[in-house]
Amino acid sequence: MNLDALFALNCGMYVISAHYEGEINGCIINALIQVTAFPPQVIASLNKESYTLSLIKQGKYFGVSVLDRDTPLQVIGLFGFRSGRHTKKFDQVEYFLGKTGVPILSEHIVAYVEAKLVRSMDAGTHEILLGEVVETDFVNAEAVPMTYDYYRSVKGGKVPRTAATFKAEKVELEEVERYRCRVCGYVYDSRFGDPDSGVPAGTRFSDLPDTWVCPICGVGKDQFEKV
Ligand code: FE
């Protein structure tokens, strides 16, 4: 069995969100899809340890912010690698409350969905939620939705950024430096720099300021290894 083959299944990049008794939170998921049209329903899979899941189960509604392809890594890191038990994630972004009260990102999204929780199913490490769509609209219909594959391969730097659609600046260097984050797998590539953090293309890893942190998970340079 080659589990890498499962990466061939198309997935998106979403912030799923909830509110309950004044608490709001959200986290990144990639497993979400529309499953019926009449009525419109979606399913989403969330890790059981997720704080957002506990808010959804109590509040009975969830929001989905469909991230666009240019979403900065810091936003993905904030919602994907921090827990809402310790971080007020929505204090660090622009958002609005939908008609069901769930928070929706105002920036970096193509569209949003609000759904009423119909039922949930135990799936081992995860719980699968079935939700009926009660509101949905575009926020920026011209933007391109980010796929999980694009995030993995291009934004996260895990493979060379050679995708035809990749628009970031690249400089030719005699010696290319690539360093991988031991915590989240993000790869710093000196040809591209880290434009989301203001680091220009062509910056050597050793020349990154000591204040630079992994744009996804926030750890320091000492947590990186050469690849
Ligand atoms: Fe990292």
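Donors here are N, O and S atoms within 2.8 Å of the metal, or 3.2 Å for Na, K and Ca; water is not among the atoms, so sites may look incomplete. Along the chain, the donors of the iron ion follow the spacing C-x2-C-x29-C-x2-C.

Some ground rules. This is a predicted model, where local features need pLDDT of at least 70, side-chain atom pairs count only at pLDDT 80 or more, and totals for chains, interfaces and linings use all residues. Residues are numbered from 1 along each chain as its sequence is written, and side-chain values use heavy atoms, with hydrogens and water left out.

Back to the iron. Its protein donors are the SG atoms of Cys181, Cys184, Cys214 and Cys217, at 2.3 to 2.4 Å. Cysteine 181 and cysteine 184 are both buried, meaning under 20% relative accessible area with a 1.4 Å probe, protein chains only.

Now the sheet. Strands are DSSP runs of E, at least two residues, numbered from the N terminus. Two of them pair if DSSP finds at least two bridges between them. Seven strands form an open, antiparallel sheet, in the order 2-1-5-8-9-4-3. Which strands stand at the edges? Strand 2 (23–29) and strand 3 (32–37) do; each has a single partner strand, so one side of each is left without a neighbour in the sheet.

Further in, look at one pair. Strand 8 (residues 109–123) and strand 9 (residues 126–138) run antiparallel, over 12 bridges. Alanine 115 has valine 133 in strand 9 as its bridge partner.

Conventions: Buried means under 20% relative accessible area, exposed over 50%, partly exposed in between (1.4 Å probe, protein chains only). Helices (H or I, at least four residues) and strands (E, at least two) are DSSP runs, numbered from the N terminus.
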